[in-house]
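This report covers salt bridges in a predicted model.

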Amino acid sequence: MLNPTTYERHLYWMRRALILAQEAGAAGEIPVGAVVVNAQGDCLAQAGNRKERDQDPTAHAEILALRQASATLKDWRLSDCTLYVTLEPCIMCTGAIILARLGLLVYGVDDPKTGTVRTVLNLPDSPASNHRLQVLGGILAEDSRHLLQDWFQQRRHPPRA
């Protein structure tokens, strides 16, 4: 069980990630947002998906946030940092998270199609992983799920003029 202070901190940063996800969705991106926070609780980086806008297959929110955090710290090792992301990371993002030696991953909703932290695959606990990642899933999961479902529903059935 999380102590109230820790839980409130997780809620605070996940809410920020959800705002970034909403902004990405409004820009035509799949609505995923990510925030990297250091051990002192300072925001080092934040990003929403930019794959379509940047025409870059690696421009996932997690990758962009990890890059910014590493640049801010001038260190690729993020062992004292927490990444908050609204959706369980894909294989590319999970690989980058592991390689960054991230201290803690907090995510919103499981991804039953491409989630590689707990749902489809479990890369952090795999023998191929050189880092034992601490993971906390399900923080504001319903909010994250509804944001994604609504966004995809609008794409499949746009309102008629």
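## Arg53 and Glu29

Arg53 and Glu29 form a salt bridge through their side chains, with an N to O distance of 3.2 Å. Arg53 sits in helix α2, residues 51–54. Glu29 belongs to the loop between α1 (4–26) and β1 (33–37). The pair therefore ties together parts that are 24 residues apart in sequence.

Glu29 is buried, at 2% relative accessibility; the cut-off for buried is under 20%. Arg53 is partly exposed, with a relative accessible area of 37%.

## Asp54 and Arg50

Asp54 pairs with Arg50 in a salt bridge. The N to O distance is 3.0 Å.

Here both residues are partly exposed. Asp54 has 35% relative accessibility. For Arg50 the relative accessible area is 32%.

## Glu142 and Arg145

A salt bridge joins the side chains of Glu142 and Arg145, at 2.3 Å from N to O. Both residues lie in helix α5, residues 141–156. They are three residues apart, so about one helical turn separates them.

Glu142 is partly exposed, with a relative accessible area of 44%. Arg145 is also partly exposed, and its relative accessible area is 29%.

## Whole-structure count

How many salt bridges does a search of the whole structure find? The search gives five. Among them are Arg53 with Glu29, Asp54 with Arg50, and Glu142 with Arg145.

How values were computed. Residues numbered from 1 in each chain as written. Predicted model: local features only at pLDDT ≥ 70, side-chain atom pairs only at ≥ 80, totals over all residues. Heavy atoms only, no water. Salt bridge = Lys/Arg side-chain N within 4 Å of Asp/Glu carboxyl O. Helix = DSSP H or I, 4+ residues; strand = E, 2+ residues; numbered from the N terminus. Buried < 20%, exposed > 50% of the residue type's maximum accessible area, 1.4 Å probe, protein only.
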